[in-house]
Amino acid sequence: MGFTTGDFPPVDPATFPDIPYRERLKTLSRHWVEYGFGAPKVTTVIDIAKLVVFFAGGGILVSTLSSHLNPLHPSTWFFAPIVYQKVILWSVLLEILGVAGSWGPLAAHFKPMTGGWHYWARPGTVRVPPWPGKVPFTAGDTRTMADVLIYLGILASLIVGIALPGSRYAGAHTPSTGLVATASFVPTIVLLVALGLRDKVAFLGARSEQYLPLLIFFAFFSFVDMMVAAKLLLVTVWMGAGFSKFGLHFDNVIPPMVSNIPWLTSKRIKRLFYRDFPEDLRPSKLAKRLSHGPGAFGELVPPLVLLFSQNTTLTLVAVLFMIGYHTFIISTFPLAVPLEWNLVFIYRTAFLFLGFPAHDGYGVSDMTPALLVPTVAGLLFLPILGNLRPDLVSFLPSMRQYAGNWASAMWALAPGAEAKLDEHLVKGAKMQKGQLTPLYGAEASEVVLQQVLGWRSLHSQGRGLNSVMINQLGEDIDHYTLREAEFSCNAIVGFNFGDGHFHNHLMIEAVQKRCRFAPGEFIVVWVESQPINSGRQEYWVMDAAVGIVERGCWDVSDAVQEQPWLPNGPIRTQVHWRMDGYERVSHPRVELEGVAVSEVEVPL
């Protein structure tokens, strides 16, 4: 790997599309084991610079200077509550602008590297409302000027909250530096809720499931209640993620994550996380031990220690463990690159549990009883419901970060049909193929995009998605354009963080309304997360021009036992329903160069 050149898979880009799909998967998944995404080193340098200089440095400057504190004297501001509040506002601002998480090449934003505001401040782009048929004034799938004004209003309210100096409050626990005025939080809260009802993508792009409860605590809780509630939120996020790692999925997350660590250049160490490279790419015993040892333990036990410990030394040890935990996650540079979010977790951990420890009057028992019960119930409601009914609550509000139990999807487009996405959709950027082609050429760009399919195949749901798609397309799978839906979704709606609910049937219907794909031109296989009380994942198949044509399921245990490239053929699936009379229209390979899609005869 060079500074500006990546580790390209060992294939000839010109002939790569002619290789049968499962052979391509074998090559790409094996390449991922040793090189990960293979991004140039400059990508890592840019991400680090953005994290340290822009996010951390900028956040410190705006939070301290606007509060009349000296940024060069950390002892005066590190534990100042007003700085803590403004760091949260700064985080929400950068997240909703699209310049924090889900930014850059590892999040499928190549040129430009930012989604966010390019989409959400632009009328005519696709929006995905969560309940369009149930909540008044939310129907439709087009961003209007009203949506843009709501978005711009959030930006303005966040900037005002950061810029204003603190307000003084009376009370024994009032900090000398004051706090951000309640009036600064209320507009942001109201507008975020309005945004969420109109477009769940932009709402969760602001990481509202993480930060909106904090804003409510800041606005309406007393100082002690605010601090304890903030601890409860932090512990809920950790434990939700830790609890979700029990099961069969998370074993398959650790190996490809380790393979993508940019500073880990040892192929030998990376191979240790797979059972028998290159023939068996299932997780090794080492990977499983790490998954269910430090992986789950780190998000279950230390958080409880932090919440209830009255011992200074024990609290410090737990704080250092969690700081190390999030530092490790940052160092892996996972896809969707949630680096800023993890850095804020490091700061919040030190601020809350060292600056305001339980033994100093900030324990659970110090919270107003009338607030404690509804706060805990409110924080636990979505994670519990989301684990029982993932179809109702997506994985982000369910607090299943990194668990591997994701709703996800795979797209198959007939030859030439992908061009319609750029021709007919209002977007902030071209589809990834259009972003990469000027940089690497069309043939090499196709290999880069299919590399992500190799990554997905290393996870449990990848085997299921590929199995169902093979069953649907048959031999056509070898010449159709295949895409990882999470990546493609990023180019259409501006953000994704592994949440398949962003590109569910509602988004596909919105795309179809604009692009008018012919029958058989755009096939989607989509799978829901596994409920905690079931061993299966439910899927559906959609022909964009026809609608959902099949529903079924597969056993997760079958998926995790198979190799990424399915050498034994598709895993066993159960079809629960199939549209009567439906037969997929097959589209042939287009051999002639320079022939537009409209000039190719489409069979009906």
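Q: Which ring does Arg207 lie over, and at what distance from the ring centre?
A: Keep in mind that this is a predicted model. Here the arginine lies over a ring face, and that ring belongs to Phe497. From the ring centre, Arg207 is at 4.5 Å.

Q: Where does the charged end of Arg348 sit?
A: Look for an aromatic ring here too. The distance to the ring's centre is 4.9 Å, and the charged end of Arg348 sits over the ring of Phe345.

Q: Are the rings of Phe78 and Phe79 stacked or edge-to-face?
A: The structure holds 30 aromatic pairs, and Phe78 with Phe79 is one of them. Their centres are 5.0 Å apart. Planes over 60 degrees apart count as edge-to-face, and these sit at 80 degrees, so the pair is edge-to-face.

Q: How many residues apart are Phe185 and Phe218?
A: Their ring centres are 5.4 Å apart with planes at 50 degrees, so this pair is tilted. Phe185 is in helix H7 and Phe218 in helix H9, so the pair links distant parts of the chain.

Q: How many disulfides does a search of the whole structure find?
A: Take Cys489, which is buried at 0% relative accessible area. The nearest cysteine sulfur, that of Cys515, is 14 Å away. Over the whole structure, the number of disulfides found is 0.

Terms used. Residues are numbered from 1 along each chain as its sequence is written. This is a predicted model: local features need pLDDT of at least 70, side-chain atom pairs count only at pLDDT 80 or more; totals for chains, interfaces and linings use all residues. Side-chain values use heavy atoms; hydrogens and water are left out. A disulfide is a pair of cysteine sulfur atoms within 2.5 Å. Buried means under 20% relative accessible area, exposed over 50%, partly exposed in between (1.4 Å probe, protein chains only). Rings of Phe, Tyr and Trp (its six-membered ring) pair if their centres lie within 6.5 Å; planes under 30 degrees apart count as stacked, over 60 as edge-to-face and the rest as tilted. Helices (H or I, at least four residues) and strands (E, at least two) are DSSP runs, numbered from the N terminus. A charge sits over a ring if NZ of Lys or CZ of Arg is within 6 Å of the ring centre and within 35 degrees of the ring normal.
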